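Here is a short note for a colleague who works with computed models. Please read the points with the structure open beside them.

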Amino acid sequence: MTRFSAWNILKNGLNDQKGWDRQWQDCEPKAQYDVVIVGGGIHGLATAYYLAKNHGTKNIAVLEKGWLGGGNAGRNTTIVRSNYFQRGNRQFYEHSLKLWENLSHELNYNVMFSQRGHVSLLHSPVAIDAAARGYNTMRLTGSGAEIWSLKKLKQKIPHLNYDVNLGCFL
């Protein structure tokens, strides 16, 4: 199995990427599986992984119409966040986030997980009010969120193009 390290990335980058092992094999379908998971995105693959790791289930089929890890999980716009409005969901999602934090090390495979903030531009008083309700719920359940003024937005993100009329009511 290929070890993913800075050295291997550098070496194979200079070697036309010829030194990597294939990461998974093409398999003929079996007649029977213990578990069939429909969808090879973030949730389907995580389900297969944790069934194998924590429950010893090895006879698993993951069916995907596109490519494994595609969909929202395969794009750079994926947001892993909690649903703060339903009882019990915050704890579930926060635990899931902790699992994500160490997954690259556990698999020795870069799952491209990087924690970042999320900024939404709000363009009307109604949008600001709706966001405030959500952010207050997040704060009440122990998570951080804030609404910035336009002045603070410019301080935090100075490279944003402020010359266009954003129509912000911040």
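**Notes on the model**

1. The side chains of E101 and K98 form a salt bridge, 3.8 Å from N to O. A salt bridge here is a side-chain nitrogen of Lys or Arg within 4 Å of a carboxyl oxygen of Asp or Glu. E101 and K98 sit 3 residues apart in helix α3 (residues 89–101), about one helical turn. E101 is partly exposed at 31% relative accessible area. K98 is exposed at 52%. The classes are: buried under 20% relative accessible area, exposed over 50%, partly exposed in between (1.4 Å probe, protein chains only).

2. Ground rules. This is a predicted model, in which local features need pLDDT of at least 70 and side-chain atom pairs count only at pLDDT 80 or more, while totals for chains, interfaces and linings use all residues. Residues are numbered from 1 along each chain as its sequence is written, and side-chain values use heavy atoms, with hydrogens and water left out.

3. Overall layout. The protein has 6 helices and 2 strands. Their order from the N terminus is α-β-α-β-α-α-α-α. Both kinds of element are DSSP runs, numbered from the N terminus: helices are H or I with at least four residues, strands are E with at least two.

4. The other salt bridges. The structure holds 4 salt bridges. One of them joins K53 and E106, with the closest N and O atoms 2.9 Å apart. K53 lies in helix α2 (residues 42–55) and E106 in helix α4 (residues 103–107), so this pair ties together parts that are 53 residues apart in sequence. K53 is partly exposed at 45%, and E106 is partly exposed at 36%. Another salt bridge links K152 and E146 at 3.1 Å, N to O. K152 is partly exposed at 29%; E146 is partly exposed at 48%.

5. Which residues make up the largest nonpolar core? The 6 residues are L122, I128, A131, Y135, M138 and A145. Such a core is a set of buried Ala, Val, Leu, Ile, Met, Phe, Trp, Tyr and Cys residues joined through side-chain atoms within 4.5 Å. Leaving aside residues up to four places away in sequence, A145 touches Y135, M138 and R139. Contact means heavy atoms within 4.5 Å.

6. Aromatics. There is 1 aromatic pair. The ring centres of Y49 and Y50 are 4.8 Å apart and the planes stand at 80°, so the pair is edge-to-face. Rings of Phe, Tyr and Trp (its six-membered ring) pair if their centres lie within 6.5 Å; planes under 30 degrees apart are stacked, over 60 edge-to-face, the rest tilted. Y49 is partly exposed at 22%, whereas Y50 is buried at 16%.

7. Surface. W24, L45, L68, L107 and Y109 make a nonpolar surface patch of about 420 Å². Patch residues have over 30% relative accessible area and no salt bridge; like charges are joined within 9 Å, nonpolar side chains (Val, Leu, Ile, Met, Phe, Trp, Tyr) within 5 Å. Y109 is in the loop between α4 and α5 (125–140). Y109 is partly exposed at 33%.

8. Totals. The protein exposes about 13,300 Å², and carbon and sulfur atoms supply 54% of that area. Areas come from the Shrake-Rupley method with a 1.4 Å probe; for residues, only the protein chains shown count as cover. Of the 170 residues, 19% count as buried. Among contacts with a separation of 6 or more, 47% come from residues 24 or more positions apart.
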